[in-house]
Amino acid sequence: MLSKKQLFTKGMVDISPHMLSVIPFGIICGAIGVELGFSPYLVYAMSFIIFGGASQIVFLQVLSGGASSLVAVTSVGIINSRHLLYGAVLSEYLEKLSFIKKLLISYLIVDQGFAESNKFFKKNKTEQHLHYHLIGTGCTMWICWQIATLSGIILGSFVPEELGLKFTIPLTFIAIVVQDLKKIDHLIVMITCGLSSLLFFDAPFKSYIIIAPVIALFVALLITRLKK
Amino acid sequence: MTWLSIIIAGILTYFTRMTMIALIDRDMLGDKIKAVLEYVPSAVFPAIIFPAIFINDYGAFIEMNDPKIFGAIVAIIVGYFSKNIIATILSGLISYWFLIFVVFS
């Protein structure tokens, strides 16, 4: 049985390799916001209030492109709707927490944190204070994201664009799913999702980001039926 | 106005995170749904990976000889065998850099 502190630390350790992509991406996000002509306070406040990587950039790009705030808010809501799926998966492990703790821990749920904590949870179902792992991944992401976006806002794009560091984002997610490639059912679901995301890329409000997972989960449903 | 929209977007985002954890009782989800939820990572992350590789900043499909495709293939191979996140990211990035700065420059 691991202590709360050990679980928290394990969460921090498990998520830290992803900072290779999160930190450059955060710097780019901060710098883009200021370049688009928004107040630095406003750009930073988003990291605190929304705390959702790509959706922050999209929000500012949509507004600076002349679209209404309604379009910007809707885009953020749709892009971040994937968290509903993360929550549905994680709820199994957070059931026993008090309502207040559930409300607090929810703020920390992000893509990489969900992915790494979910992997840990699946292997350690019997641990008592599992949620401390999620707090560890979430807090690490939160702190790095704040520092990174703030640095981008203050220092501007000091990371040269030619380096193409945005490419680390797909690489980070490849690292998350790559071990599941050997499972044929997962491979089918991944290819369905990937191709659907390209097919629906031009759908309004960046909704490909949730349309593709819904299609892929439908295929997953068919697979679970066939397995029986 | 922009401030207000950010706050609304923030509340909306928070609700996407909180709803399934705090408001929905897990027993409401049937066994079939629980079995499908096993596939969430595989069903969500490729929607981030594919467009980031195959679609450029201007929303157009890239050429099949784009360095990003090569970088991604290297990352998949290295990641698969090393099971190491840092090795996956660095191998992909370095092979991408090798193409854009050495081969195609």
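**Two chains and their contact: group meeting talk**

I start with chain B, where F50(B) and F54(B) sit 4 residues apart in helix α4 (residues 46–54), so about one helical turn separates them. Helices here are DSSP runs of H or I with at least four residues, strands are runs of E with at least two, and both are numbered from the N terminus. An α-helix has 3.6 residues a turn, so residues three or four places apart point the same way.

Before going on, the ground rules. This is a predicted model, in which local features need pLDDT of at least 70 and side-chain atom pairs count only at pLDDT 80 or more, while totals for chains, interfaces and linings use all residues. Residues are numbered from 1 along each chain as its sequence is written, chains are lettered from A and ligands numbered from 1 in the order in which they are written, and side-chain values use heavy atoms, leaving out hydrogens and water.

Now the contact between the chains. Chain A puts in 91 residues and chain B 67 residues, where contact means heavy atoms within 4.5 Å. Together the two chains bury about 6800 Å², with 77% of it on carbon and sulfur atoms. F167(A), I174(A) and L198(A) supply 9% of the area that chain A buries against chain B, more than any other three residues. Buried area is the accessible area, taken with a 1.4 Å probe, that two parts lose on being put together, summed over both.

How many salt bridges cross this interface? The rule finds 1: the side chains of K166(A) and D57(B) meet at 3.0 Å, N to O. The rule asks for a side-chain nitrogen of Lys or Arg within 4 Å of a carboxyl oxygen of Asp or Glu. There are also 15 residue pairs in polar contact between chain A and chain B, both residues at pLDDT 80 or more. A polar contact is a pair of N or O atoms within 3.5 Å; within protein, one must be able to donate a hydrogen and the other to accept it, and residues adjacent in sequence count only if both atoms are side-chain atoms. On the side of chain A that touches chain B, helix α12 (residues 208–227) gives the most, with 12 residues.

Next, helix α10 (residues 168–177) of chain A. Of its 10 residues, 10 are buried, among them I174(A) and F173(A). Buried means under 20% relative accessible area, exposed over 50%, and partly exposed in between, with a 1.4 Å probe and protein chains only. F173(A) also belongs to an aromatic cluster with Y86(A), F114(A) and F45(B).

That brings me to the rings. Over all chains, a search of the whole structure finds 13 aromatic pairs. One is F51(A) with Y107(A): the centres are 5.7 Å apart and the planes at 45°, so the pair is tilted. Rings of Phe, Tyr and Trp (its six-membered ring) pair if their centres lie within 6.5 Å; planes under 30 degrees apart count as stacked, over 60 as edge-to-face and the rest as tilted. F51(A) is buried at 2% relative accessibility, whereas Y107(A) is partly exposed at 22%. The pair I opened with, F50(B) and F54(B), is tilted too, with centres 5.7 Å apart and planes at 50°.

Last, T192(A), in helix α11 (residues 184–199) of chain A. Is T192(A) buried or exposed? At 18% relative accessibility, T192(A) counts as buried. A polar atom of its side chain lies 2.6 Å from the backbone oxygen of I188(A). Leaving out residues up to four places away in sequence, T192(A) touches I215(A), A216(A) and V219(A).
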